[in-house]
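Dear colleague,

Please find below the structure that I am handing over to you. My notes on it come after.

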Amino acid sequence: MDNPVKATPLEMAAIDVDGLTVAELGLVNKINLRGDFDSQACNAALTELLGMDCRLEANTYVSNSASTLFWLGPNERMLYTDGDPQSVAERWRAAPGTAAVDVSDYSTVLRLSGAKTRDVIASGSPFDVHPQHFGVGQCTQTRFGNASVLLSNHADTPVFQMQVRWSFARYAFDYIKRVADYV
Amino acid sequence: MTQTHRLLEGGLVDRSKPLTFTFDGMTYTGYQGDTLASALLANGVRLLGRSFKYHRPRGLIAAGSEEPNALMQLETGPYTEPNTRATCVELYDGLVAKSQNRWPSLGFDVGAANSLVARFLPAGFYYKTFMWPASMWMTYEKYIRKAAGLGVSPTENDPDVYHGTYAHCDVLVIGAGPAGLAAATAAASGGARVMVLDENNTPGGALLGTSNNAASLEFIKRSEQALEQHENVQLLTRTTATGYYDYNYITALEKVTDHMGPGNGGKSPRQRFWKIRAKQVVVAAGSIERPLVFADNDRPGVMLANAVGTYINRYGVLPGNDVVVFTNNDSAYQVALDAAENGGVVTVVDTRPSVSSSLKTQLEQKNIKLFQGHAITSVQGAKGVESVRVMKLSADGDSVQGQAWEIDCSVVASSGGWTPSCHMVSQSGGKLKYIESIAAFVPDESRLKKTSPNISAGSCNGSFDTATCIQQGARAGLDAATRCGFDGAAASGDSFQVNEIPLGTISPLWLVPTTHPVGEGRSKHFHDFQNDVTAADIQLAAREGFVSVEHLKRYTTTGMATDQGKTSNLNALAIMANIQGVSIPEVGTTTFRPPYTPLTLGAVGGQESRELFIQERQTPMHEWHVDNGAEFEDVGDWKRSWYYPQAGEDMHSAVQRETLAVRESVGMLDASTLGKIDIQGKDAVKLIEMVYTNNWQKLAIGSCRYGLMLNEHGMIFDDGVTTRLAENHYHMTTTTGGAARVMGWLEEWLQTEWPEWEVYCTSVTEQWAVMAINGPKARELLQDITDIDVSKDAFPFMTMREGKVAGVPARVYRISFTGELAYEVNVPARYGKHLIEALAAAGKKYDLCPYGTEAMHVLRAEKGFIIVGQDTDGTVTPQDMDMDWIVSKTKEEYLGNRSQARIDTQRAARPQLIGLLTEDPTVVLPEGAHIVSEVSDAPPMPTIGHVTSSYMSPNVGRSIALALLQDGINRKGDVVTLRLMNGEVHKATVSDTVFVDAEGVRVRG
């Protein structure tokens, strides 16, 4: 019991076929942050917490070496952090009018890359992922098949990330695997 | 067999690639590039099927997707597909096709007797004859379907795979004929994202069917190359736009591997269903030639003029050596010239009294005989055209006169003009306008639906010559791109020489007279071939008052079925207009409905079949359950452990064992699926007070409370335990199936009614893996693996403690759904598997028994704990559940409060939850069984209640049930009667709902 086994929903399953590589990112610390992000106080607190400028346009994300911050809504952000989620959450909650929830295990993150990536995503998502419409640095909450996902664009090559709820991860993975043959 | 009707040269087929196929058991050959239709025609096969109602012999009418007759049963076994149009099936080696709607054989069909009794099978026949007695419809229907039936559905599972995908573009071009190619080229020139769809296997549209193919093919190639230069252009062939919905949402079916034959597509899907969102749409869907409606115009060999031209020019097939072209406009003259050029003996019968001298000259040069102001009055040849009779038309066109000329022929190429294909624009909500000069409807650009912007170009817009089509297309493509914010280069307006004769002056003759009045005698004037509807049927409909176009359609069935009236609609409207003495636009058109051509349901489902049909949500412990032999139950979309049968156990004995074990030692249940919502903010308690019926202000930090949620009608809609984690921080649990609904409920109220409240809700359902440990030994078990002080005083019932369990961080809630001493251990999901393994190991010495949802149901029923959705059904108040204790009498407001005072919620004799103990303790009542006030031999019987939960309880030692019974709470001790579906009658005593440990000692132990 000293070294408890940690699991991910897909146990690091991967897909590597012609034109598509999919990998589960493993355990990513995730915190759902709430607050009035338009306020000076909130922004200052967040900038201080993460050590980067955290003002975000709608549906974009920003990263530094330790953190990635995604815009989810006017009063909602998703933070991936290398830090201890409990203490980061506590520090954020110290700012007035805020909330923070450790959701590290609520979902897992798939990284999709290769030439077929966009066609695979388009097979399950009505959201337009064409580079003219959804460039690097953008993110969106949409659906993939029946799964709610947080989708983000990380490189033109292309590289996308898909955050999906733990209990939908197998379904989304199987979905990707099946359509990879079709596109 | 040899290809008797194949021309020695010409056409776009690849003569170096012969293909073998069978039709009705006979083997034939065709070429790569043929359709099934052109290959059959090349082999001289004219009789392709029997008609729907009269079982008349039928052959090809068209060369494209408008074909109403040549419906084929394609392939066999699991791959079989009924009602495929031979004109749309690309030939492949080994293709197997069968004719439809004939029995016992195509040549001899007993149903053809219908034709002899046709006067007793008029329009509306089924409605009139089979409506009485209504109970017999089910019997009639079987025979009607068989007699009239189209093809046969496969009985095996579809072995093919399908793909569905979304797509987005700036400009969607529907049709890759001259107008569509020009539109796409122009739109793409400025960088717009362009998609072009065409139902053919190659772009070109009508150009593919013209003579002098070289110039046309050059243009097509030029256009393709121009499009290929742009990364943002997607040209999809074999792709039909099937539906046009609001806000420029267009669906399309791509036949990806159909043309390779069944099972030959490799990993590729058979078909792909496109769901396209376009900023602008250019409709370049072309036009469809109209048949003339004359006596016995359905004989095999009577075809559309352009179809004859297409078979000659595109497929190198002359459908017959002796061709009569029957027309009311100039365009069919080109077909006459093409047929003559390829060795046909051609006669032209033109309904117009005179035609231009230039046309006459051209005919003379080819030795083509011309009858002006004449009409075909009859067609001879039961299974194929043998000759036609031609007579002079009266000046008004209403009758024929003079001598009848008999012309031997095997093909009649008829043209009644052209109908622009307005389906897409009409589906988009755009209105049509009637243009006299072409005798047809076109889109009215001033009455398009603003939210579905589109531009029509080419012949679907009423412009039939290629040069104008290209100009209009280029203009439309440029305009569409400009509207999307792209600067296109000036429209190029490519031009080249096409052998075509423009429409000229069309002289509509909607119903061609014969020697008898229409409807008398044995000849029939068909306007709708697929549904076997004649001009006489329209006359009958008019006589019986079905004059509205929508009534006409339904009464006669004109325009229905797989071709959706592509060749028949306008003729039907015009005939009705003539009967009523009104103009065609006054009659109006019926609504064009998707799909444009038939769709495969598999394609619409796409990849979302089998395990992708609905997500199977699994908990982090799922694998452990599988390894330990669990049977699973679907709860919501989760897979939950139902029970764990041991060797030799059936479900009943497994559940009995598990249920006993929980009360005798200790059991564990995976409770991870329960909905969990984290609620934070200074107004958190205000929200919780509003959504639950009871009081929450005084709940101590670290304490838990059960709550009931009502909807606005005061009816129970969810329940669960909520725990106060910190000053302004709560952890709410919901039912498994209600998790998303409750989250939506909270957000809706917060966002619409109380946006100023500072409270944030976050779903954490999957964050936590949860094992519920229940039973008298639960404390001892937990004690062994936790650093939390689990003593009775340190960790009382309805509190929560944080600490480590099995070495990992945990929140342990001392709550119980069994009435036993119980703990719900929550750990981050990553440790779920670790936790269950640790519990299983530590539990060995306590006889720890994993139990599933079925035992959980029995255990909770023994305690009278309700399951929302099982014991409640959306019409049940807390008082009905005998839970008035949980409804606050002091709170001013909570959701559902108002409805507590409604007359209906206050009325006497509402169904109320009670327990039932059957007279015979071994009888387990079926859930749903009715409690009746009197028993009779058959329903109806007055029902006063029904069983909601029913089990054999090993702990009570007999069967127990919960039921809703009118005024039940006052009837405890009464004996009631239940009458089951199978006729059995049982007596039961109304009891309290708590069957075990009524004092609640065990749970506090």
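This is a predicted model: local features need pLDDT of at least 70, side-chain atom pairs count only at pLDDT 80 or more; totals for chains, interfaces and linings use all residues.

Chain A is divided into two domains. Domain 1 is made up of residues 14-26 together with 105-180, and domain 2 covers residues 29-102. The centres of domain 1 and domain 2 of chain A, taken over C-alpha atoms, are separated by 23 Å. Each of these domains of chain A gives eight residues to the contact between them. On the side of domain 1 of chain A that touches domain 2 of chain A, strands β9 (139-144) and β10 (147-155) each supply at least two residues. The largest share of that side, three residues, comes from β9(A). By residue type, that side of domain 1 of chain A has six polar residues, two nonpolar and no charged.

In chain B, three strands form an open sheet with antiparallel pairing, in the order β19-β20-β21. Strands β19 (374-380) and β21 (400-408) of chain B stand at the edges with a single partner strand each, so one side of each has no neighbour in the sheet. From one strand to the next, the twist averages 25°. Strand β20 of chain B, residues 387-393, pairs with β21(B) in the antiparallel sense over six bridges. Within this part of the sheet, Val390(B) stands opposite Trp405(B), which lies in β21(B). As a general point, the strands of a sheet pair through backbone hydrogen bonds, either parallel or antiparallel.

With kind regards

Conventions. Residues are numbered from 1 along each chain as its sequence is written. Chains are lettered from A and ligands numbered from 1 in the order in which they are written. Two strands pair if DSSP finds at least two bridges between them. Helices (H or I, at least four residues) and strands (E, at least two) are DSSP runs, numbered from the N terminus. Axes are lines fitted to C-alpha atoms, for helices over the stretch in contact, and angles run from 0 to 180 degrees between N-to-C directions. Domain bounds come from an automatic or database domain assignment. Two residues are in contact if their C-beta atoms, placed from the backbone, lie within 7 Å. Ala, Val, Leu, Ile, Met, Phe, Trp, Tyr, Cys and Pro count as nonpolar, Asp, Glu, Lys and Arg as charged, and the others, Gly among them, as polar.
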